[in-house]
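Good morning, and thank you for coming.

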Amino acid sequence: VQLVESGGGLAQPGGSLRLSCAASGSAVGANVLVWYRQAPGKEREWLGSSSLDGESTYADSVKDRFTISRDAAKNTMYLQMNRLKPEETAVYYCKMAGTSYWGQGTQVTVAS
(Lines give C-alpha, C1' and ligand atoms only; values in the text may rest on other atoms or scores of the structure.)
Protein backbone atom coordinates (compact mmCIF):
# COMPACT_ATOMS: atom_id res chain seq x y z
CA VAL A 1 0.00 0.00 0.00
CA GLN A 2 1.23 3.46 -0.86
CA LEU A 3 -0.25 6.84 0.02
CA VAL A 4 0.97 9.95 -1.78
CA GLU A 5 -0.08 13.45 -0.73
CA SER A 6 0.02 16.43 -3.05
CA GLY A 7 -1.41 19.90 -3.34
CA GLY A 8 0.55 21.67 -0.66
CA GLY A 9 2.15 25.02 -1.18
CA LEU A 10 1.85 28.64 -0.18
CA ALA A 11 -1.51 30.14 0.70
CA GLN A 12 -2.37 33.58 2.00
CA PRO A 13 -4.15 33.95 5.32
CA GLY A 14 -7.84 33.45 4.64
CA GLY A 15 -7.06 31.53 1.48
CA SER A 16 -7.72 27.96 0.41
CA LEU A 17 -5.87 24.86 -0.67
CA ARG A 18 -6.98 21.37 -1.60
CA LEU A 19 -4.76 18.48 -0.67
CA SER A 20 -4.95 15.06 -2.29
CA CYS A 21 -4.05 11.65 -0.92
CA ALA A 22 -3.74 9.13 -3.73
CA ALA A 23 -3.80 5.49 -2.69
CA SER A 24 -2.40 2.48 -4.45
CA GLY A 25 -2.54 -1.12 -3.35
CA SER A 26 -5.83 -0.68 -1.53
CA ALA A 27 -9.15 0.98 -2.33
CA VAL A 28 -9.97 4.19 -0.50
CA GLY A 29 -13.55 3.00 -0.23
CA ALA A 30 -12.47 -0.02 1.79
CA ASN A 31 -10.57 1.86 4.47
CA VAL A 32 -10.99 4.54 7.08
CA LEU A 33 -8.64 7.33 6.07
CA VAL A 34 -7.31 10.07 8.28
CA TRP A 35 -5.66 13.48 7.87
CA TYR A 36 -3.03 14.77 10.31
CA ARG A 37 -0.66 17.69 10.38
CA GLN A 38 2.54 18.46 12.21
CA ALA A 39 3.83 21.96 12.74
CA PRO A 40 7.49 22.61 13.57
CA GLY A 41 8.20 21.80 17.19
CA LYS A 42 4.70 20.49 17.81
CA GLU A 43 3.10 17.07 18.10
CA ARG A 44 1.21 15.55 15.23
CA GLU A 45 -2.41 16.71 15.28
CA TRP A 46 -5.43 14.74 14.11
CA LEU A 47 -7.57 16.81 11.73
CA GLY A 48 -10.32 14.47 10.63
CA SER A 49 -11.36 11.03 9.48
CA SER A 50 -13.37 9.68 6.58
CA SER A 51 -15.28 6.54 7.52
CA LEU A 52 -16.41 3.65 5.35
CA ASP A 53 -19.94 5.00 5.06
CA GLY A 54 -18.62 8.27 3.69
CA GLU A 55 -19.22 10.26 6.85
CA SER A 56 -16.42 12.47 8.12
CA THR A 57 -15.54 13.77 11.55
CA TYR A 58 -13.33 16.74 12.29
CA ALA A 59 -11.24 18.28 15.01
CA ASP A 60 -12.86 21.34 16.55
CA SER A 61 -9.94 23.46 15.31
CA VAL A 62 -10.84 22.84 11.66
CA LYS A 63 -14.54 22.03 11.77
CA ASP A 64 -16.58 24.21 9.39
CA ARG A 65 -13.43 25.22 7.49
CA PHE A 66 -11.98 21.88 6.30
CA THR A 67 -13.84 19.21 4.33
CA ILE A 68 -12.78 15.63 3.61
CA SER A 69 -14.03 13.90 0.51
CA ARG A 70 -13.24 10.83 -1.59
CA ASP A 71 -13.22 9.98 -5.27
CA ALA A 72 -13.43 6.22 -5.61
CA ALA A 73 -12.78 6.32 -9.34
CA LYS A 74 -9.46 8.09 -8.72
CA ASN A 75 -8.81 6.16 -5.50
CA THR A 76 -8.06 9.46 -3.86
CA MET A 77 -9.06 11.30 -0.69
CA TYR A 78 -9.09 15.08 -0.52
CA LEU A 79 -8.82 17.73 2.16
CA GLN A 80 -10.35 21.06 1.17
CA MET A 81 -8.99 23.74 3.48
CA ASN A 82 -10.65 27.14 3.61
CA ARG A 83 -9.98 30.29 5.64
CA LEU A 84 -6.45 29.16 6.39
CA LYS A 85 -4.52 30.70 9.26
CA PRO A 86 -0.76 31.30 9.57
CA GLU A 87 -0.59 28.96 12.56
CA GLU A 88 -1.76 26.15 10.28
CA THR A 89 1.60 26.09 8.56
CA ALA A 90 2.62 22.46 8.85
CA VAL A 91 3.32 19.24 7.01
CA TYR A 92 0.03 17.52 6.24
CA TYR A 93 -0.21 13.74 6.17
CA CYS A 94 -2.78 11.13 5.29
CA LYS A 95 -2.94 7.74 6.93
CA MET A 96 -4.88 4.52 6.58
CA ALA A 97 -6.46 3.95 9.97
CA GLY A 98 -5.50 0.79 11.82
CA THR A 99 -2.34 0.37 9.77
CA SER A 100 1.17 1.76 9.64
CA TYR A 101 0.58 3.22 6.18
CA TRP A 102 1.36 6.93 6.06
CA GLY A 103 1.96 9.25 3.18
CA GLN A 104 5.20 11.20 2.93
CA GLY A 105 3.50 14.48 3.75
CA THR A 106 2.99 17.71 1.88
CA GLN A 107 4.09 21.12 3.15
CA VAL A 108 1.47 23.83 3.62
CA THR A 109 2.67 27.35 4.35
CA VAL A 110 0.20 30.08 5.22
CA ALA A 111 1.77 33.49 4.95
CA SER A 112 1.18 36.86 3.35
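Cys94 has a relative accessibility of 0% and therefore counts as buried, a term that means under 20% relative accessible area, with exposed meaning over 50% and partly exposed in between, for a 1.4 Å probe and protein chains only. Please note that this is a predicted model, in which local features need pLDDT of at least 70, side-chain atom pairs count only at pLDDT 80 or more, and totals for chains, interfaces and linings use all residues. Residues are numbered from 1 along each chain as its sequence is written, and side-chain values use heavy atoms, with hydrogens and water left out.

What does Cys94 form with Cys21? The two form a disulfide, with their sulfur atoms 2.1 Å apart; the criterion is a pair of cysteine sulfur atoms within 2.5 Å. The pair links distant parts of the chain, since Cys21 lies in strand β3 and Cys94 in strand β9, 73 residues apart. Strands here are DSSP runs of E, at least two residues long, numbered from the N terminus. Because the torsion about the S-S bond of Cys21 and Cys94 is about 75°, the disulfide is right-handed. Cys21, at 1% relative accessibility, also counts as buried. A search of the whole structure finds one disulfide.

Let us turn to the sheet. Four strands form an open sheet in the order β1-β3-β8-β7, with antiparallel pairing; two strands pair if DSSP finds at least two bridges between them. The edge strands, β1 (2-6) and β7, each pair on one side only.

Strand β8, residues 76-81, is mostly covered, with five of its six residues buried. Over six bridges it pairs with β3, residues 17-24, and Leu19 stands opposite Leu79 of β8. On β7, residues 66-71, β8 again pairs over six bridges. There, Phe66 has Met81 as its bridge partner, and Arg70 has Met77. Four residues lie between the strands of the β7 and β8 hairpin, where Asn75 takes a positive phi near 50°.

Finally, the core. The largest nonpolar core has 26 residues, and those with the most contacts inside it are Trp35, Phe66, Leu79, Met81 and Tyr92. Such a core is a set of buried Ala, Val, Leu, Ile, Met, Phe, Trp, Tyr and Cys residues joined through side-chain atoms within 4.5 Å. Strands supplying at least two residues each include β4 (33-38) and β10 (106-110).
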